[in-house]
Amino acid sequence: MILVPDFFPINLYSMSVYGRAHVVPLLLAADQKLQVKTAQSPDLSDLFASRGEEDWPEADEWERMHASIVQRVKRLIRTPQELHLLARSRAKMYMTNGIEEDGTLFSYFTSTMFMIFGLLALGHPKDDPLIDDALEGLYGFQTTIDGHPHFQFTTATVWNTALLSYALQEAGVRTDDRMIERANDYLLDRQQEGYGDWAMHNKKALPGGWGFSDVNTFQPDVDDTTAALRALARSAKENQDIFDSWNRGVRWTISMQNHDHGWSAFEKNTDSWLLAMLPIPESRGILTDPSTPDLTGRTMELLGNYTDVKDDDMILRKAVKWLEREQEKDGSFKGQWGVNYLYGTWAALTGMQASGVGRENKTTKKAIGWLKEKQNKDGGFGESCLSDRYKRYTPLDSSHLTQTAWVLDALVAMYDTPNKAMYDALHYVLDRLGDGQWPRSYPAGKGLADRIYFHYHSYEYIYPLLALAHYRKKYGDSPPAL
């Protein structure tokens with residue numbers, strides 16, 4: 001896998017960067033059968049279970065693929081031992097090239113932890129500078145929540161700063177406010193100027209994106225880039241230097257559109273069906289980076305509302321067609337980075353509206369109807385993370401402030417005048433602001449379906465503020481006539 005050329009159907013770079021960052025160090029540890037035990041280590045042997053080939057329908061097909069790969073690579077190298085050593089060396093090189101300035105691997109806690117195991121497997125001592133730096137970087141992810149220590153998966157500083165600045169400006173805070181100016185300075189300082197793994201499938205594009213965390217310097221993503229561009233959009237109209245940076249970001253975002261005309265998170269055209277077949281839970285989410293309705297919708301919203309990409313531009317027209325194909329049978333859209341169908345449907349509707357698609361379109365009409373069906377008696381909306389496990393919308397049995405704000409924002413985008421569903425959601429948001437009640441801490445962000453979820457402490461302020469600002473901007477302060 002490490003050595004096969006890029007043109008082969010399965011190679012290291014046909015995998016998503018998230019998959020590579022975790023799989024490469026794990027391969028090194030597994031290759032050396034690394035075991036790390038202390039005197040206090042418990043006996044966990046009862047947790048091991050064997051998996052037979054009968055559990056994996058594609059086993060025979062993959063055996064043939066593996067044999068073909070080995071045969072082709074062996075033609076280039078004389079002995080299996082040389083092949084093995086070269087693969088190990090290439091894996092280590094990829095791993096060390098991905099180390100950020102703080103010592104972490106791609107700024108993720110888990111991949112950094114696996115990198116430490118990979119280095120130990122290669123014979124590095126525990127006090128090796130690479131391991132010391134990695135551990136020091138991990139301590140930088142430590143934080144305190146309600147008096148208790150927590151380790152973050154990564155820092156979310158760029159993401160939070162972009163969303164908060166944008167929400168405040170939508171609510172009326174001026175661009176010359178010192179707070180907005182400082183946020184702009186921070187975001188401009190974090191715009192990436194180097195080439196990361198994303199350039200393997202996007203060779204003609206120039207850098208210009210933003211990453212998620214404060215320490216991320218060479219792995220931008222579409223979601224953070226569009227968030228930063230929204231936050232900088234007003235200032236870009238007033239300041240040429242900011243506009244130049246903003247324009248680079250827009251061009252990078254457009255260049256990341258996939259062949260299917262949607263947008264994915266980190267890379268372009270890395271949606272291998274072969275990798276998705278591997279017997280790994282949620283293999284598609286780990287090893288591939290497909291176009292998703294939420295990222296596509298949010299990108300369309302940016303391009304339609306903040307750039308000179310016109311409604312009839314082929315970029316948006318093709319993206320609309322992709323969204324129409326991705327709609328679920330019940331009318332919803334699945335979200336990859338938020339929980340779940342409420343998030344995806346909000347992003348899809350706001351993106352289609354910004355692209356010139358109104359509520360009379362059959363796709364948007366069906367999506368709006370689905371949203372209204374999910375409204376609770378108290379006017380709010382709430383979805384469980386179990387939607388990922390059951391592959392269908394699963395109610396939370398309680399309304400959720402952030403999720404309700406998403407739906408309210410989607411309805412505001414689609415309607416010229418307020419309606420009862422919108423009015424009820426608006427009252428729910430106003431009544432729950434600052435109450436501190438459950439399910440305020442229930443996660444609204446998602447990292448990996450059915451595995452990793454995030455509670456963003458800022459969401460309960462950002463999204464209600466955005467929905468209320470958009471409501472007032474469109475309808476004024478008067479309540480709707482019902």
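Helices (H or I, at least four residues) and strands (E, at least two) are DSSP runs, numbered from the N terminus. This is a predicted model, in which local features need pLDDT of at least 70 and side-chain atom pairs count only at pLDDT 80 or more, while totals for chains, interfaces and linings use all residues. Residues are numbered from 1 along each chain as its sequence is written, and side-chain values use heavy atoms, with hydrogens and water left out.

**Figure 1. Overview of the protein chain, with 19 helices and four strands.** The radius of gyration of the protein chain, taken over C-alpha atoms, is 24 Å, close to the 23 Å that the globule rule gives for 482 residues, so the chain is as compact as a globular protein of that length. That rule is 2.2 Å times the number of residues to the power 0.38. The C-alpha trace spans about 80 × 50 × 50 Å along its principal axes. Of the 482 residues, 52% count as buried; buried means under 20% relative accessible area, exposed over 50%, and partly exposed in between (1.4 Å probe, protein chains only). A contact means heavy atoms within 4.5 Å. Among contacts between residues at least 6 apart in sequence, 67% join residues at least 24 apart.

**Figure 2. The hairpin of strands β1 and β2.** Strand β1 (residues 142–145) and strand β2 (residues 148–151) run antiparallel and are joined by four bridges. Two strands pair if DSSP finds at least two bridges between them. I145 stands opposite H148 in β2. Two residues lie between the strands, and D146 in the turn has a positive phi of about 50°.

**Figure 3. The hairpin of strands β3 and β4.** Three bridges pair strand β3 (residues 445–448) with strand β4 (residues 452–454) in the antiparallel sense. G445 has F454 in β4 as its bridge partner. Three residues separate the two strands. D450, in the loop between β3 and β4, has a positive phi of about 65° although it is not a glycine. Most residues other than glycine have a negative phi, and most peptide bonds are trans.

**Figure 4. The cis peptide bond between W438 and P439.** Omega of this bond is about 10°. P439 is placed in the loop between α18 (420–432) and β3.

**Figure 5. H261 in the loop between α9 (240–255) and α10 (273–276).** H261 is not a glycine, yet it has a positive phi of about 80°. With a relative accessibility of 25%, H261 counts as partly exposed.

**Figure 6. V36 in the loop between α1 (17–31) and α2 (59–74).** The relative accessible area of V36 is 46%, so this residue is partly exposed. V36 and F117 are 81 residues apart along the chain, and their C-alpha atoms are separated by 8.6 Å.

**Figure 7. A348 in helix α14 (residues 341–354).** A348 is buried, because its relative accessible area is 0%. Not counting residues up to four places away in sequence, A348 touches P293, G297, L323 and F333. Of these, L323 is 25 residues from A348 in sequence, and the C-alpha atoms of the two are 7.2 Å apart.
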